[in-house]
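Here is a friendly note to read alongside the structure. Please keep the view open and follow the numbered points one at a time.

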Amino acid sequence: MNNSSYPINRRRFLAGMGAIGAGAIASGSMLATLKSALASNMIGAGKDDVLLVIDVQNCFLPGGTLPVSDGDQIIPIINKLGQKFKNVVFTQDWHTPGHESFASSHAGKAPFDTVEMDYGTQVLWPDHCVQGTEDAKLAAGLDIPHAQLIVRKGYNSAVDSYSAFVAADGKTKTGLTGYMKERGLQNVYMCGLATDFCVNWSAQDGRKAGLNVAVIEDACRAIDLNGSLQAAWDAMKASGVKRMQSSEILTS
Ligand code: VGL
Ligand code: ZN
């Protein structure tokens, strides 16, 4: 996938199929060629495609400490997507007890207030995804046994990290850019929680790292704090992130 050329190539490929169907009776070998062309065109099948499943953890599901509305509804979709991809990576929000992003660490502050940190404005959250807790575990309903890596983030008590690539200080790297580059994973399809925070920041940082990034909208759910969801889509669009639906992959 490349944000501009991929859809064009795909359209060209499908147009070619139409011409063959209309003008000729396909021979067995032609059919085999078509089948393999289709397979190589399938999103996820490529060796440079990766599904990045962001923060699908108990804390962000109904009943968790920072529940995202309907967060659980994306799990069956993500499991189906997982079957399409050879390469799958998870992220896991992984905070210290008393993390600076928790409202409980700031006297007089409540969840969803903000504070100014060295690195900018920080939304304060309920205590969530504390290392080693049941709340921080990946959702039990995830069923992608061939997933290859879990990237933990937000483990420095003084710095939050929505992004899978770089912490909120803009300096501390998770190592994911190096992993993607070393494995040649150029086309990153993102899904998970929450659209307007960890998915959004990861998508923008993926673009900054020179990767092709698509966000699968219906395989994400948002927190939507003071218009943050629309702002996130605007910022992702401006940075060249492709917005797509799971059906575009599941039916390809
Ligand atoms: C997230 C808020 C705090 C997320 C993580 O995964 O989107 N949001 N920590
Ligand atoms: Zn967090």
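**Notes for a first look**

1. Residues 24 or more positions apart account for 75% of the protein chain's contacts with a separation of 6 or more, where contact means heavy atoms within 4.5 Å. This is a predicted model, in which local features need pLDDT of at least 70 and side-chain atom pairs count only at pLDDT 80 or more, while totals for chains, interfaces and linings use all residues. Residues are numbered from 1 along each chain as its sequence is written, chains are lettered from A and ligands numbered from 1 in the order in which they are written, and side-chain values use heavy atoms, with hydrogens and water left out.

2. The protein chain has 7 helices and 8 strands; these are DSSP runs numbered from the N terminus, with helices (H or I) of at least four residues and strands (E) of at least two. Of its 252 residues, 46% are buried. Here buried means under 20% relative accessible area, exposed means over 50%, and partly exposed lies in between (1.4 Å probe, protein chains only). The chain exposes about 11,600 Å², and carbon and sulfur atoms supply 55% of that area. Accessible areas come from the Shrake-Rupley method with a 1.4 Å probe, and for residues only the protein chains shown count as cover.

3. Now to the zinc ion (ligand 2): its protein donors are Asp93 (OD), His95 (NE2) and His128 (NE2), lying 2.0 to 2.1 Å from it. Donors are N, O and S atoms within 2.8 Å of the metal (3.2 Å for Na, K and Ca); water is not among the atoms, so sites may look incomplete. Along the chain, the donors follow the spacing D-x1-H-x32-H. Aspartate 93 and histidine 95 are both buried.

4. Next, the aromatic rings: a search of the whole structure finds 6 aromatic pairs. The rings of tyrosine 162 and phenylalanine 197 have centres 5.4 Å apart and planes at 65 degrees, so this pair is edge-to-face. Tyrosine 162 lies in the loop between β5 (149-153) and α4 (176-183) and phenylalanine 197 in helix α5 (residues 195-208), so the pair ties together parts that are 35 residues apart in sequence. Both residues are buried. Rings of Phe, Tyr and Trp (its six-membered ring) pair if their centres lie within 6.5 Å; planes under 30 degrees apart count as stacked, over 60 as edge-to-face and the rest as tilted. One aromatic cluster is formed by Phe112, Trp125, Tyr162, Phe197 and Trp201.

5. Two arginines deserve a look as well. Arginine 152 has its charged end over the ring of tryptophan 94, 3.7 Å from the ring's centre, and arginine 243 lies over the face of tryptophan 233, at 3.9 Å from the ring centre. A charge sits over a ring if NZ of Lys or CZ of Arg is within 6 Å of the ring centre and within 35 degrees of the ring normal.

6. Alanine 164 is also in the loop between β5 and α4, and at 0% relative accessibility it counts as buried. Its C-alpha is 5.2 Å from that of serine 202, although the two are 38 residues apart in sequence. Beyond its neighbours within four places, alanine 164 has contacts that include Leu52, Thr91, Val151 and Ser202.

7. In helix α3 (residues 75-84), the buried residues are Ile75, Ile77, Ile78, Asn79, Leu81 and Gly82. Their cover includes β1 (49-54), β2 (88-93), β6 (187-193), β7 (212-221) and α7 (247-250). Asparagine 79 has a relative accessible area of 13% and touches Gly141, Leu142, Asp143 and Ile144, not counting residues up to four places away in sequence.

8. Finally, some backbone details. Most residues other than glycine have a negative phi, and most peptide bonds are trans. The peptide bond from leucine 193 to alanine 194 is cis, with omega near -10 degrees. Cysteine 129 has a positive phi of about 45 degrees and is buried, with a relative accessible area of 0%. Aspartate 224 has a positive phi of about 55 degrees and is partly exposed, at 43%.
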